[in-house]
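Trainee: Could you take me closely through the aromatic rings of this protein, and show me how they sit within the chain as a whole?

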Amino acid sequence: GGTAYLGVATAAGPPVQRPALLLRRVWKRRAAIVTGNSIVRGSDRRFCGRSKETRIVVCLPGARVRDVSERVQDILKWEGEEPKVVVHIGTNDIGRNREEILKGEFRELRRRTTKIIISGLLPVPSDSESRNGARWRINAWLKDWCIAQRFKFLDHWDLF
């Protein structure tokens, strides 16, 4: 179990390998994986719990939707047939990409794997009303899109 960190491209240059344990290859295939930006860091205790052999958290600090889309095959390569993948990304994309571009990047993720659970974008209290409005609109689209794709959608918005 534990959190795995992978290299992520930064504005300053090429992907940087983060110090920490890399994806451990264990003989037992994983049934569930949580991946996303730094917000998933440390969630391995609760998510993996007593099931460390069948669950893993893969943290991609600073990741955006495109980063996870590009890496999902590497993340899943050794993890058995059709593990469930919980993806928590998108908050870092708001303000950098137009909403239509972001939707396209989520669609690309769909082409990479079939058993996805999308964790909705979270509001950022210190951010502008405009950017949080964009997050809310993306979540509304994601919820409908996930239904159409037969994915699950975790809506956390009302918790804040």
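Mentor: Accessible areas come from the Shrake-Rupley method with a 1.4 Å probe, and for residues only the protein chains shown count as cover. By that method the protein chain has an accessible surface of about 9,200 Å², of which 52% belongs to carbon and sulfur atoms. Before going further, keep in mind that this is a predicted model, in which local features need pLDDT of at least 70 and side-chain atom pairs count only at pLDDT 80 or more, while totals for chains, interfaces and linings use all residues. Residues are numbered from 1 along each chain as its sequence is written, and side-chain values use heavy atoms, with hydrogens and water left out.

The secondary structure of the protein chain comes to four helices and eight strands, where helices (H or I, at least four residues) and strands (E, at least two) are DSSP runs numbered from the N terminus. Of the 160 residues, 46% count as buried, a word that means under 20% relative accessible area, whereas exposed means over 50% and partly exposed lies in between (1.4 Å probe, protein chains only). The pLDDT, which is the predictor's confidence in each residue from 0 to 100, averages 77 over the protein chain, and 79% of the residues score at least 70. Among the elements of the chain, α4 has the highest mean pLDDT (93), and strand β2 (residues 8-10) has the lowest (40).

Now to the rings themselves. A pair of aromatic rings is described by the distance of the centres and the angle of the planes. Rings of Phe, Tyr and Trp (its six-membered ring) pair if their centres lie within 6.5 Å, and planes under 30 degrees apart count as stacked, over 60 as edge-to-face and the rest as tilted. The structure holds two aromatic pairs. One of them joins Trp141 and Trp145, which are stacked, with 5.3 Å from centre to centre and 15 degrees between the planes. These two residues are separated by about one helical turn, because they stand four residues apart in helix α4 (residues 129-149). Trp141 counts as buried at 16% relative accessibility, and Trp145 counts as buried at 10%. Trp145 also pairs with Phe151: their ring centres are 5.6 Å apart and their planes are at 75 degrees, so this pair is edge-to-face. Phe151 is buried, as Trp145 is. Taken together, the ring pairs link Trp141, Trp145 and Phe151 into a cluster.
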